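Here is a short tour of the model you have open.

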Protein chains: 2
Amino acid sequence: MLAIGLMSGTSLDGIDAVLCEVTGFGENTKIRQISFCTCEIPLNIKEKIRRCCANEKITTDLICSLNFELGEQFALAALSVCHKAGINSKDVAFIASHGQTIYHIPHAYGDCVPSTLQIGESAIIAQRCQCPVISNFRVKDMAVGGEGAPLVPYSEFILYRKEDEAVALQNIGGIGNVTVLPAGCTIDNVYAFDTGPGNMIIDEAMRKLYRKSYDENGLIASKGRIIENLKDELMKHSYLNLKPPKTTGREMFGEPFTDELLKCYQGENKEDIIATLTWFTAYSIAESYRKFVLPNHQLSEVILGGGGAHNATLKKMIENELPNIKILTQEDKGYSSDAKEAIAFVILGNETMHQHFSNVPNATGAKQKVILGNITYPN
Amino acid sequence: MLAIGLMSGTSLDGIDAVLCEVTGFGENTKIRQISFCTCEIPLNIKEKIRRCCANEKITTDLICSLNFELGEQFALAALSVCHKAGINSKDVAFIASHGQTIYHIPHAYGDCVPSTLQIGESAIIAQRCQCPVISNFRVKDMAVGGEGAPLVPYSEFILYRKEDEAVALQNIGGIGNVTVLPAGCTIDNVYAFDTGPGNMIIDEAMRKLYRKSYDENGLIASKGRIIENLKDELMKHSYLNLKPPKTTGREMFGEPFTDELLKCYQGENKEDIIATLTWFTAYSIAESYRKFVLPNHQLSEVILGGGGAHNATLKKMIENELPNIKILTQEDKGYSSDAKEAIAFVILGNETMHQHFSNVPNATGAKQKVILGNITYPN
């Protein structure tokens with residue numbers, strides 16, 4: 001059957017819409033990408049999302065309205081990907097919509113309980129596209145004590161597991177995180193953890209040193225040399241020794257961390273700083289495997305994903321750190337990096353339509369497996 | 001099968017939970033109330049709701065967290081009504097949860113599109129009670145151009161329609177609104193409109209003149225006499241001549257309206273003012289019928305609901321205005337006034353479980369009939 005996945009990340013790069021053919025469910029799922037597109041989010045809506053996410057002072061009507069406005073945008077994205085493929089959305093069995101995260105509280109603080117809030121009204125999407133919509137995937141995992149993230153390990157298990165070899169899916173977003181699929185694993189053997197910084201430190205240093213948002217293709221890092229003192233200091237970071245499951249974020253590797261490094265090493269060549277920070281990202285990934293994956297699993301390949309997969313210098317450095325392991329991209333495996341998350345939600349939505357669980361307790365910390373999301377029928 | 005309805009109104013009087021036995025669907029629905037309870041909302045949660053509803057400056061994390069906190073409260077209410085009846089919630093076929101409205105935008109203004117926002121996370125309710133939950137009823141009606149309210153006319157049609165006589169359901173909340181069920185009607189003949197003020201003017205005057213929130217049982221009104229000048233002025237109110245469908249609210253009969261009246265008639269006896277305002281409420285109801293119902297329908301009975309049904313003086317005045325029509329309460333018909341709205345959501349949820357529509361386009365202004373709500377499965 002036909003199914004659509006819709007994803008919009010916190011970077012607000014646009015709404016990813018993928019149209020797939022799916023058959024079966026659970027371990028028997030077969031999925032094939034038919035069409036993909038990314039739709040811009042109008043500027044005024046982006047600004048509203050930004051205000052919500054930044055936890056600025058707002059009024060309730062902003063969120064009330066934005067939920068509906070985003071619903072229309074998600075519907076347009078779904079209709080676009082159908083149009084591109086020459087398919088009528090009525091013929092789609094379901095749309096799985098992640099929604100737009102406007103807040104995520106993995107741990108209680110102050111007056112707030114652990115919770116998460118994705119918006120983009122499913123009733124609007126269902127009605128405009130005339131097909132069932134599954135949405136609100138993360139809340140159910142949190143209802144059983146999970147952090148509501150990551151949810152991709154389930155789809156990675158479906159797409160990439162091998163009978164005879166372990167596979168690692170390394171995502172390099174702001175933070176690096178890995179999903180490990182042991183050889184011949186069942187879903188219960190799958191585990192995931194944050195390896196450390198992804199692009200976060202590199203990007204922050206690029207902003208401060210070059211007024212650029214990232215090191216395109218790793219070009220600047222490729223021209224620099226490793227600063228041994230900085231390397232030695234970074235290698236000692238305590239996060240590397242923490243045992244999984246573990247998560248990290250902006251509070252550990254954000255702006256203040258990078259600012260402090262740049263202050264201490266301000267006499268150094270800028271290219272060398274970017275090169276050394278890129279090396280540290282590669283090292284933190286490789287070291288995670290050496291410490292917590294390789295002792296238990298014969299790892300034959302690592303498949304990179306996320307924006308960092310486009311950083312050729314970073315990829316090269318990971319290869320140098322892990323000489324006996326193939327470092328691949330989604331494209332090497334016949335998948336699209338850009339469509340990966342949207343496809344993941346097609347797989348999760350398909351499980352929900354079959355009333356089958358799709359969270360991975362080893363990855364989210366949930367107490368049990370649960371059916372994710374809710375279903376909105378059209379008409 | 002067993003089903004639970006959960007309702008929490010904007011007055012924050014508590015969460016109403018009703019357990020019912022339901023069979024069939026659509027016009028063949030049969031429903032029987034088994035157990036009912038109202039659960040207090042903790043003060044800190046009430047305060048958070050109040051801040052959202054008042055459109056005060058808040059941050060997104062408040063709503064993110066409150067959605068989960070309210071989910072737990074709704075789950076507790078559902079478990080309470082089961083406990084009261086000696087039933088395990090696992091044996092309940094579905095819970096229909098209205099949620100807590102924290103904002104409703106029937107018409108676009110400024111930067112906001114028509115939209116509505118009910119919270120009280122269904123994933124939490126489904127998981128705690130281990131049964132499917134239907135929620136978010138109002139959004140789908142708005143997705144097809146309706147105002148998302150009123151939704152009770154569908155359940156009133158199911159419960160009260162008669163083959164040989166027209167029936168009017170008069171709700172007296174802050175605003176008065178009526179649902180008219182013509183003799184032998186189908187759902188397409190049902191219509192509803194706001195008759196004018198309900199308790200809004202009386203309550204506001206009680207606050208200003210007596211520092212009380214309402215005229216209990218209509219006692220003060222019963223002691224007063226009609227002020228002819230005030231009566232004449234009120235009778236001329238333009239809303240009475242507007243043809244249905246029509247809606248009104250605080251912008252017309254709220255605090256400024258009452259303040260102006262009290263200023264003009266400040267020399268008058270306080271009891272007489274309350275009596276005259278109570279009379280005007282009765283008159284606006286009766287006049288709506290005389291102008292817009294009785295010319296087309298032989299009306300044999302009016303069934304009162306809402307807080308105003310407990311105002312004996314108001315009821316008496318309506319009887320005087322409509323001498324040939326029986327003025328009844330929910331209790332006279334064997335139903336519970338308190339449980340009425342929660343039961344309405346059992347009926348609406350039952351339709352959704354059968355993938356059957358339950359909005360009434362004549363009442364909400366929707367362009368079509370649609371299946372309301374979405375379904376969250378446990379586990």
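## Two domains in chain A

The centres of domain 1 of chain A and domain 2 of chain A, taken over C-alpha atoms, lie 28 Å apart. Domain 1 covers 2–144 + 366–376 and domain 2 covers 153–333, with bounds that come from an automatic or database domain assignment. A note on the basis of all this: the model is predicted, so local features need pLDDT of at least 70 and side-chain atom pairs count only at pLDDT 80 or more, while totals for chains, interfaces and linings use all residues. Residues are numbered from 1 along each chain as its sequence is written, chains are lettered from A and ligands numbered from 1 in the order in which they are written, and side-chain values use heavy atoms, with hydrogens and water left out.

Between the two domains of chain A, 5 residues of domain 1 are in contact with 7 residues of domain 2, where contact means heavy atoms within 4.5 Å. Together the domains bury about 470 Å², 53% of it on carbon and sulfur atoms; buried area is the accessible area (1.4 Å probe) that two parts lose on being put together, summed over both. The rule finds 1 salt bridge across this interface, a salt bridge being a side-chain nitrogen of Lys or Arg within 4 Å of a carboxyl oxygen of Asp or Glu. A:K369 and A:D188 form a salt bridge, with their closest N and O atoms 2.9 Å apart.

## How the chains pair

Chain A superposes on chain B by a rotation of 180 degrees with 0.1 Å of shift along its axis, at an RMSD of 0.1 Å. That is the relation of a two-fold axis.

What is the area buried between chain A and chain B? It is about 4200 Å², of which carbon and sulfur atoms give 60%. A:T60, A:F68 and A:Y377 supply 16% of the area that chain A buries against chain B, more than any other three residues. In contact terms, 49 residues of chain A meet 49 residues of chain B.

The rule finds 2 salt bridges across the interface of chain A and chain B. The side chains of B:K48 and A:D111 meet in a salt bridge, at 3.7 Å from N to O. α2(A) gives the largest share of the side of chain A that touches chain B, 7 residues; helices here are DSSP runs (H or I, at least four residues), as are strands (E, at least two), numbered from the N terminus.

## Helix α3 of chain B

Is helix α3 (residues 122–129) of chain B largely enclosed or open? Of its 8 residues, 7 are buried, so this helix is largely enclosed by the rest of the structure. Buried means under 20% relative accessible area, exposed over 50%, and partly exposed in between (1.4 Å probe, protein chains only). Among the buried residues of α3(B) are B:I124, B:I125 and B:C129.

At the start of α3(B), a side-chain oxygen of B:E121 comes to within 3.1 Å of the backbone nitrogen of B:A123. Just after α3(B), B:Q130 has a positive phi of about 55 degrees.

B:A75 is found in helix α2 (residues 60–85) of chain B, and at 1% relative accessibility B:A75 counts as buried. Leaving out residues up to four places away in sequence, B:A75 touches B:I125, B:R128 and B:C129. B:A75 and B:E121 are 46 residues apart in sequence and 9.5 Å apart in space, C-alpha to C-alpha.

Definitions and conventions
A polar contact is a pair of N or O atoms within 3.5 Å; within protein, one must be able to donate a hydrogen and the other to accept it, and residues adjacent in sequence count only if both atoms are side-chain atoms. Copies are superposed by least squares on the C-alpha atoms of residues with pLDDT of at least 70 in both.
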